[in-house]
Amino acid sequence: MSKVSEKISHSKAGVMDVWAAIYKRLQIHLGASVADSWISPLSLSRIEDGVLYLRAPSLFLRDWVQNNYSDRILLCSKQENKDIKEIDIFVSECSCDVAEGKNTEPGEKVVPFGGTLSFTERVKLDEAQDLGIPLDPRLTFENFVVGKPNELAYAAAVRIAESDKVAFNPLFLYGSVGLGKTHLMNAIAWSIKSRSPNRNIAYLSAEKFMYQFVRAVRFRDTMLFKEQFRSVDVLMIDDIQFICGKDSTQEEFFHTFNALVDNKRQVIVSADKSPSDLDGMEDRLKSRLGWGLVADIHPTTYELRIGILQSKAAMCLVKIPDRVLEFVAHKITSNVRELEGALNRIVANAMFVGREVTVDSAKEVLADLLRTNDRKISIEEIQKKVASHYAIRLSDMSSTRRVRQIALPRQVAMYLAKKITTMSLPEIGKNFGGRDHTTVMHAIRKIDELVATDENVAEDIALLMKILEK
């Protein structure tokens, strides 16, 4: 070790002076905003044998700085101290040690640079820079059962996962709860990871995206947030409808979306409605979400449900008779999650209680689910069927427009919601743009009168009831 290096490594003042001087040079080379976002969270551990040891508060930050700014750091370090030959960036064991300047190794001084904690230092090591949520190893293309209701969405997902170029941007998957959107999102991510391990994928819910953004604003570190999300190769946002009405988050997502698309990076989004039907979403964002391919995942058919059950049953430790699978496929029609939950109940009952799996035993185990599904039709489904019947947009069901071409179908949908579902008048009103329960009462009375006096309306109601109760 040289005398200069030895002196620096054992002098706290010397370490601070060297790092402060290096940081000033980096601000000039990189710009103040980049230096504050990416270099400020680093701390100088020591200088030893010509190596400048820097501590990073997270794996993500370490990798990013190493891949993008290590050459500049080394250059500025050499300019400040000619004895420095290389740099070594390692991950801090505890961000609180970095923040407080505590020693984590004998004789090692940790010198944080910057007066306040940055965005990266305020979160636990395991979660701070994990932009996404963990992928579910069960949700792969191999485990996805394809049928007519989801074949377009599946084909589009496979195309994106297997293509080295952006085929269409964005891919927008939409459908009701439990139909397979999340499964396909996970499957795309797993497939890309297996084919191209170096591609940077961020998969997260819209809620987490908003949470990350709000936290970045709170800690005045939005530059880091922007660079993190705009540097990924594939951005996947689940349940984008969550940011409807959240103006600031929509603004940030809008610019992130544009930056990624302009740089030929893939964007994949899911929601419970099509882009045009997302109330509370800015028009410019609706337009961009509809740029690429919009793929609808329809409610399951009997054939698809039986295929899913057979696939899941093949992996069970208990043999499930075909008659039981057919019974469940006929009775549980709401979504795939309930279907799988029903099968899990039957398997658990057989394993833990030791009862033989029969249709009668399945009826007992699934009694509450069967009661619910016998009458379970959602208001959204009613709205969709009525909107399709009268050739209006689904969003008109919640709009404030009062022209007869829209007002009558809306009243019909409210009437059917009261007749078919178990929801209260306030609950129904809430699903129609937050209308008051008195508005729903008026709609019901109005349609009752028209059914008695207008033959066309009576026929419409009878036909829609038949369609919905199939």
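What follows is a quick walk through the fold, a pair of helix contacts and some backbone details.

Student: What kind of model is this?

Tutor: A predicted one. Every value below is computed from it.

Student: How many helices and strands in the protein chain?

Tutor: The protein chain has 22 helices and 9 strands.

Student: And how much of the chain counts as buried?

Tutor: 50% of the 470 residues. The exposed surface comes to about 23500 Å². Carbon and sulfur atoms supply 49% of that area.

Student: What share of the contacts comes from residues 24 or more positions apart?

Tutor: 72%, counting contacts with a separation of 6 or more.

Student: How many disulfides turn up?

Tutor: A search of the whole structure gives 0.

Student: What about C244, buried or exposed?

Tutor: Buried, because its relative accessible area is 17% and the cut-off for buried is under 20%. C316 has 24%, so it counts as partly exposed.

Student: Switching to helix packing. How do α9 and α11 sit?

Tutor: Helix α9 covers residues 206-218 and helix α11 covers 247-262. Their axes are 10 Å apart, at an angle of about 100°. That angle is why α9 is roughly perpendicular to α11; the range for that label is 65 to 115 degrees.

Student: Which residues make the contact?

Tutor: From α9, F209, M210 and F213. From α11, S248, T249, E252, F253 and T256. By class, the α9 contact with α11 has 4 nonpolar, 3 polar and 1 charged residues.

Student: At what angle does α9 pack with α10?

Tutor: About 145°, with the axes 8 Å apart. Helix α10 spans residues 222-230.

Student: Which residues of α9 and α10 meet there?

Tutor: α9 brings F209, Q212, F213, A216 and V217. α10 brings T222, F225 and F229. The α9 contact with α10 has 6 nonpolar and 2 polar residues, with no charged ones. F209 and F213 of α9 are listed in the contact with α11 and in the contact with α10.

Student: Now the backbone. Which residues does the cis peptide bond join?

Tutor: N169 and P170, with omega at about 0°. P170 sits in the loop between α7 (151-162) and β5 (171-174).

Student: OK, what is the phi of D49?

Tutor: Positive, about 55°, and D49 is not a glycine. D49 lies in the loop between β1 (43-48) and β2 (51-56).

Student: Is D49 buried or exposed?

Tutor: Exposed, because its relative accessible area is 56% and the cut-off for exposed is over 50%.

Student: And K264, what's its phi?

Tutor: Also positive, about 60°, and K264 is not a glycine. K264 is in the loop between α11 and β8 (266-271). At 63% relative accessibility, K264 counts as exposed.

Student: Last one. Where is T333?

Tutor: In the loop between α14 (322-331) and α15 (336-353). T333 has a relative accessible area of 32%, so it counts as partly exposed.

Student: How far apart are T333 and R305?

Tutor: 28 residues in sequence. In space, the C-alpha to C-alpha distance is 7.9 Å.

Definitions and conventions:
Residues are numbered from 1 along each chain as its sequence is written. This is a predicted model: local features need pLDDT of at least 70, side-chain atom pairs count only at pLDDT 80 or more; totals for chains, interfaces and linings use all residues. Side-chain values use heavy atoms; hydrogens and water are left out. A disulfide is a pair of cysteine sulfur atoms within 2.5 Å. Buried means under 20% relative accessible area, exposed over 50%, partly exposed in between (1.4 Å probe, protein chains only). Helices (H or I, at least four residues) and strands (E, at least two) are DSSP runs, numbered from the N terminus. Contact means heavy atoms within 4.5 Å. Accessible areas come from the Shrake-Rupley method with a 1.4 Å probe; for residues, only the protein chains shown count as cover. Axes are lines fitted to C-alpha atoms, for helices over the stretch in contact, and angles run from 0 to 180 degrees between N-to-C directions. Angles under 35 degrees count as roughly parallel, over 145 as roughly antiparallel, 65 to 115 as roughly perpendicular and the rest as oblique. Ala, Val, Leu, Ile, Met, Phe, Trp, Tyr, Cys and Pro count as nonpolar, Asp, Glu, Lys and Arg as charged, and the others, Gly among them, as polar.
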